[in-house]
Amino acid sequence: MQSATAAGYEGFCIDLLEEMAAVLHFNYTIFEVDDGSYGIQDEHGRWNGLVGVLQRGEADLSVSAVTITYSRVEVI
């Protein structure tokens, strides 16, 4: 699902995103990663999910309730 605004989404993360956009004067598009995963590294060192999207530069930021692990911190 893609949206030019936070329409259809609600909660703390969306409130935070909207406030950040207002204060820092940026626009955003919300999209969900195709596999719905936060990110797991495969045996070749490639990441899927949200971490993979950030690592590959397909997204500039993530506003979500993702758990920060040592291995995730190493790549994003």
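View 1. Asp42 is partly exposed, with a relative accessible area of 28%, whereas Arg46 is exposed at 52% (buried means under 20% relative accessible area, exposed over 50%, and partly exposed in between, with a 1.4 Å probe and protein chains only). Their side chains meet in a salt bridge at 3.2 Å, N to O (a side-chain nitrogen of Lys or Arg within 4 Å of a carboxyl oxygen of Asp or Glu). This is a predicted model, in which local features need pLDDT of at least 70 and side-chain atom pairs count only at pLDDT 80 or more, while totals for chains, interfaces and linings use all residues. Residues are numbered from 1 along each chain as its sequence is written, and side-chain values use heavy atoms, with hydrogens and water left out.

**View 2. Salt bridge between Arg56 and Glu58.** The closest N and O atoms of this pair are 2.8 Å apart. Arg56 is partly exposed, with a relative accessible area of 47%, and Glu58 is also partly exposed, at 47%. The structure holds 2 salt bridges.

**View 3. Side chain of Asp35.** Asp35 is partly exposed, with a relative accessible area of 44%. Its side chain reaches the backbone nitrogen of Ser37 at 3.0 Å and the backbone nitrogen of Gly49 at 3.2 Å. The C-alpha atoms of Asp35 and Leu50, 15 residues apart along the chain, are separated by 8.8 Å.

**View 4. Surroundings of Ser37.** Ser37 is buried, with a relative accessible area of 17%. Not counting residues up to four places away in sequence, Ser37 touches Asn48, Gly49 and Leu50 (contact means heavy atoms within 4.5 Å).

Methods
Polar contact = N/O pair within 3.5 Å; in protein donor to acceptor, adjacent residues only side chain to side chain.
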